[in-house]
Amino acid sequence: PPTIHLKDYRPPEFLIDRVELRFELDAEVTRVEALLQMRRNPAATRGDGDLHLDGEQLELEHVAIDGRPLPPAEYRVESEALILHHVPDRFRLETRVRIHPMLNTALEGLYQSGTLLCTQCEAQGFRRITYFLDRPDVMACYTTTLVADKGRYPVLLANGNPAGTEDLGDGRHLARWEDPFPKPSYLFALVAGDLHEVADRFTTASGRDVALRLYVEPENHDKCDHAMRSLKKAMRWDEERYGREYDLDVYLIVAVGHFNMGAMENKGLNVFNAKYVLARPDTATDQDFLGIEGVIAHEYFHNWTGNRITCRDWFQLSLKEGFTVYRDQEFSADMGSRDVKRIADVRTLRARQFPEDAGPLAHPVRPESYIEINNFYTATVYEKGAELVRMQVLLLGPEVFRRATDLYFTRHDGAAVTIEDFVRCMEEASGRDLTQFMRWYSQAGTPELTVTDDWDAADGVYTLTFRQQTAPSANHPSLGPLHIPVAIGLLDGAGRDLPLRIAEDTAEPPSGTRVLELRREEATYRFVGLRARPVPSLLRGFSAPVRVRYDYSDDDLMFLMAHDSDGFNRWDAAQTLAQRLLLRLVAEPEAAVPEGFVAAFRRALTDHEADPALRAEVLKLPSEAHLGEQMAIVDVDGIHRAREGLKQAILAALRDEFRAAYEDHRDAGPYELTPAAIGRRALKNLALGYLMQDGDAEAVDLCTAQFEAGTNMTDVIAALGLLVDAGGAPAERALDTFYRRWSGDPLVLDKWFAVQAASKRPDALARVEALLGHEAFTLRNPNRLRSLVGVFCNLNPVRFHAADGAGYRFLGDRVLELDPLNPQMASRLLQALARWRCYDPDRQARMRAQLERILDAVELSKDVYEVASKTLG
Ligand code: HT7
Ligand code: ZN
């Protein structure tokens, strides 16, 4: 398959001003008539005179230009295009095609989910609906007419504002929708089905009235409150923080059961994975509730960052995704606890993006080439992209950043633009030169920041030296030093922040946090006027997506854990301390757990002044995957043993404290979804996790009691997971009870599959394989697939990486089985093998064998081909 390169970008030869679509909807055969007002693009270089329209899996029935049906000599149909020869400079193109939603298992284009029909067009799904210039820099105004059976599809939705309905008198009805805002084809959407409507309203800052509508399958009518509340909060927040108002008369969200990703920001008609809409305290965990709030906000924020202003081409994907993730992260931080949110986001970045950036699929935030764009909806484009925006906010300051975004929204409204256009607005609003900063968008790999220091007691000068390095890899050379904002503090012996006076300062220095701007490979800062050697607090708030190397003593880390004024760094110090100890225990299984470590954990656990949510974060040990990432060759079993052993040792020392924490943090009254209540449940369930570590009968009873009495899913699923890890009759009974209670609710049933796939038990794979045959399992539902196969391969390292290679064979089988059905999902699944070179030779050989076996398959999607071939390198 061909590789597409950023450097080959050319403006489109034709533009489309208006699009009129008419659908005769039917699950088996849908007819799509398209009327496109086209004209030559004056800004384009002239090609061969032919018009190439994208189209895949379309059955062409009719094609006409300006009302004249084209004879076969004037066009050619290829497998992925319709080519019209010698078209005029301005014309009306009519096409009619047939498509088959029911056969669409890839969930791209128009497909069936349960009894609904819905679309997913990003990135290139629109070409599976009609022939079109399916690229984001072709923006047009759309009118959509939907015709369907009234009984089966009483609700007919499309983008924009409603523009009338008709009963056609033959059992069918029609709905017309008009979208006045020009948009790229990837934002097109329609939904048809028997849906329950939840209605609300929102008055914008300027007094416009917007009808809000949530559509769900009727049985989910009572799980919509949280999503609707989240939407209204997001709408208000975007007005207050960015001055952005909603622009249509209606805002529609539809929840569907089959969806490849989280949700989709189609103009005026968001389509959501039901997982990110439906929640009731008894069906959804606290994390699910927070996920819904974040994703609802994310899609809403896209209305400005993505829809009104879109991407010129798919290489600019992070223009909308990085910025929108940054916006949703800040929204969630404002709605809940800022430190907890930052910790969660950095955990995700380190767990998903850092490994990606260190492996064979590494790519810059703005990639330079791709085979299949669907493979580039990655942690790098999304999460690292958000960090790049965050760094610009830090460099500019919040007020100047707001001026810069105002400029961006005014200057580029209605256009398809590039990352340079965005950064130029940052430069113009601030008067700063961000040329060097732009390297962040093109440089793959995680920079390493090595920090050394020196203390001159005689002069009271503390010197910090920073050295940055980004390891080049075969496909990604080093582009030179990056512009890195490093937020630091210096702590005195009592843990207070010191003034950060640098010798050359002319103005009063900040006390607290100071942002140093590294631009060269090496930079030295001399802090003067100090009485004693300070303890440095480095990269506060994780001010840049880098790895910091500084030789802290264990005592320094414990000191920072206890005193750093930066909540993020208190947590990070605890993680570093635990990571260091765990890696020592991997190398020396007999090594003792230092007293000081246990004491630091005791202090964190019993610090009643501190926020329980943060205490829970501090006490959570680094994951096995994260520990593996720190080793040249991952010692799968050693890491598991060390981590389990350390939990055991901590429990042995702090059993009473954990019991007390458990009791003290039980919910006293009814379930509440406040940050405080979420934090209490987190600490309580963390304590229960430790108490269950040695299978103590009393703890099993406690856990069983929590499982049985639990009225909220957070407590129930925490208890179920722990029981399943402990195994035996209590686990089987609980699994049985859970299944009987929830087998009718797909999202809850996903959790039942997931806890078994994540189980620490040695027979986890056997169980997962048996579950493939369960009547409720299907590869055709992405959520179900993720909950069983995805969880096993990505979140159960010790069982997935079993030395006999059975986990790898299992994955290879699933990828080959899935690829003909849903290539996007198959290729995502395959990425569990991306880090194969980090394992011992035996495991490497077994992983490589699966990758080769996949590449040998006769018919392979572009998606899987790209991942498998790049992974093998
Ligand atoms: N912008 C949306 C991306 C998306 C997507 C991409 C490829 C294949 C399927 C997809 N579903 C949604 C989601 C977002 O970032 O908001
Ligand atoms: Zn997005």
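Two residues are in contact if their C-beta atoms, placed from the backbone, lie within 7 Å. The views below are taken from a predicted model.

**View 1. Ile 296 in helix α2.** Ile 296 lies in helix α2. Apart from neighbours within four places in sequence, Ile 296 is in contact with Ala 227, Ser 230, Leu 231 and Ala 234. Ile 296 is buried, with 28 other C-beta atoms within 10 Å. Between Ile 296 and Val 250 there are 16 Å in space, C-alpha to C-alpha, and the two are 46 residues apart in sequence.

**View 2. Helix α2 along its length.** Helix α2 covers residues 286-301, 16 residues in total. From first C-alpha to last it reaches 22 Å, close to the 22 Å expected at 1.5 Å a residue. Because 14 of its 16 residues are buried, α2 is largely enclosed by the rest of the structure.

**View 3. The shell around ligand 1.** Ligand 1 has 15 residues around it, and those that come nearest are Glu 122, Asn 260, Met 261, Met 264 and Tyr 377. Two or more residues of the shell come from each of β20 (263-264) and α2. By class, the shell holds five nonpolar, six polar and four charged residues. Domain 1 (4-194) and domain 2 (310-442) each supply at least three residues to the shell.

**View 4. The cis peptide at Glu 122.** Glu 122, listed among the residues that come nearest to ligand 1, is joined to Ala 123 by a cis peptide bond with omega about 0°. Ala 123 lies in the loop between β11 (116-120) and β12 (140-149). Most peptide bonds are trans.

**View 5. The largest nonpolar core, seen at Val 191.** This core has 256 residues, and Val 191, Val 254 and Val 277 have the most contacts inside it. Helix α17 (residues 713-726) gives the most to this core, 10 residues. With neighbours within four places in sequence left aside, the contacts of Val 191 are Leu 116, Leu 117, Cys 118, Leu 157, Val 254, Leu 269 and Val 271.

View 6. Gln 57 is found in the loop between β4 (51-54) and β5 (59-65), and its phi is near 55°. Gln 57 is partly exposed, with 17 other C-beta atoms within 10 Å. Asp 66 lies in the loop between β5 and β6 (68-69) and has a phi of about 50°. Asp 66 counts as exposed because it has 11 C-beta neighbours inside 10 Å.

Technical notes:
Residues numbered from 1 in each chain as written. Chains lettered and ligands numbered in written order. Predicted model: local features only at pLDDT ≥ 70, side-chain atom pairs only at ≥ 80, totals over all residues. Core = buried A, V, L, I, M, F, W, Y, C linked by C-beta atoms within 7 Å. Buried ≥ 20, exposed ≤ 12 C-beta atoms within 10 Å, placed from the backbone. Helix = DSSP H or I, 4+ residues; strand = E, 2+ residues; numbered from the N terminus. Expected span 1.5 Å × (residues − 1). Near = placed C-beta within 6 Å. Nonpolar A, V, L, I, M, F, W, Y, C, P; charged D, E, K, R; others polar. Domains from an automatic or database assignment.
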